[in-house]
Amino acid sequence: MSEAHLSFRLAEWIEGFSGQVELISDAPAWDWPFIAQLFQENGYGWPRNLIRQCGKPRETHGKYGRRMAEYWVTHYAMMHNALTDARSLKYAEQKANRP
């Protein structure tokens with residue numbers, strides 16, 4: 001898929017959520033420039049409900065970081081794969097406040 005088509009499809013998906021959407025990355029200095037370029041340079045523009053600043057996970061150490069590591073181990077997953085990172089962040093977010 002072209003970058004223009006990706007920009008359109010991603011914006012369409014984001015705009016499908018009610019309320020403001022925040023994209024979260026454990027490596028915002030690396031990831032966010034790609035998102036910004038995608039929406040700024042490909043014609044569609046920024047999704048109306050997207051916060052134009054990359055969010056960060058609560059923490060990457062402590063209990064939250066341990067939950068992310070737990071995901072990688074229990075799912076035999078490789079770190080820094082985009083889909084695996086997204087799933088580990090979701091897992092950590094869901095489990096961080098549980099014993």
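Guide: Glu22 sits in the loop that joins H1 and H2, where helices are DSSP runs of H or I with at least four residues, strands are runs of E with at least two, and both are numbered from the N terminus. The model is predicted, so local features need pLDDT of at least 70 and side-chain atom pairs count only at pLDDT 80 or more, while totals for chains, interfaces and linings use all residues. Residues are numbered from 1 along each chain as its sequence is written, and side-chain values use heavy atoms, with hydrogens and water left out.

Glu22 is partly exposed because its relative accessible area is 43%; buried means under 20%, exposed over 50%, and partly exposed in between, with a 1.4 Å probe and protein chains only. Apart from neighbours within four places in sequence, Glu22 is in contact with Ile51 and Gly55, contact meaning heavy atoms within 4.5 Å. Ile51 is 29 residues from Glu22 along the chain, and their C-alpha atoms are separated by 5.4 Å.

Asn42 belongs to the loop between H2 and H3. Asn42 counts as buried because its relative accessible area is 18%. Leaving out residues up to four places away in sequence, Asn42 touches Glu3, Ala4, Ser7 and Gln37. For Asn42 and Ser7, the separation is 35 residues in sequence and 6.5 Å in space, C-alpha to C-alpha.

Met79 lies in the loop between helix H3 (62–74) and H4. With a relative accessible area of 40%, Met79 is partly exposed. Its contacts, neighbours within four places in sequence aside, are Trp72 and Asp85.

Thr84 is part of helix H4. Thr84 is buried, at a relative accessible area of 13%.

The largest pocket holds about 910 Å³ of space, and its lining consists of 23 residues, with Leu23, Ile24, Ser25, Ala82 and Ala86 nearest its centre. Helix H1 (3–15), helix H2 (28–41) and helix H4 (82–95) are the elements that give two or more residues to that lining. A pocket is found on a 1 Å grid over the protein atoms alone, as an open set of points with protein on both sides within 12 Å along at least five of seven lines; a 1.4 Å probe fits at such points, and lining residues have an atom within 4 Å of a point. Grid points are joined across faces, edges and corners, and the volume is the space filled by probe spheres set on them.

As for the whole chain, the secondary structure comes to four helices and zero strands, in the order α-α-α-α along the sequence. The C-alpha atoms fill a box of roughly 45 × 25 × 25 Å along the principal axes. Of the 99 residues, 32% count as buried. Among contacts between residues at least 6 apart in sequence, 66% join residues at least 24 apart. The accessible surface is about 7,000 Å², with 55% of it belonging to carbon and sulfur atoms, by the Shrake-Rupley method with a 1.4 Å probe.
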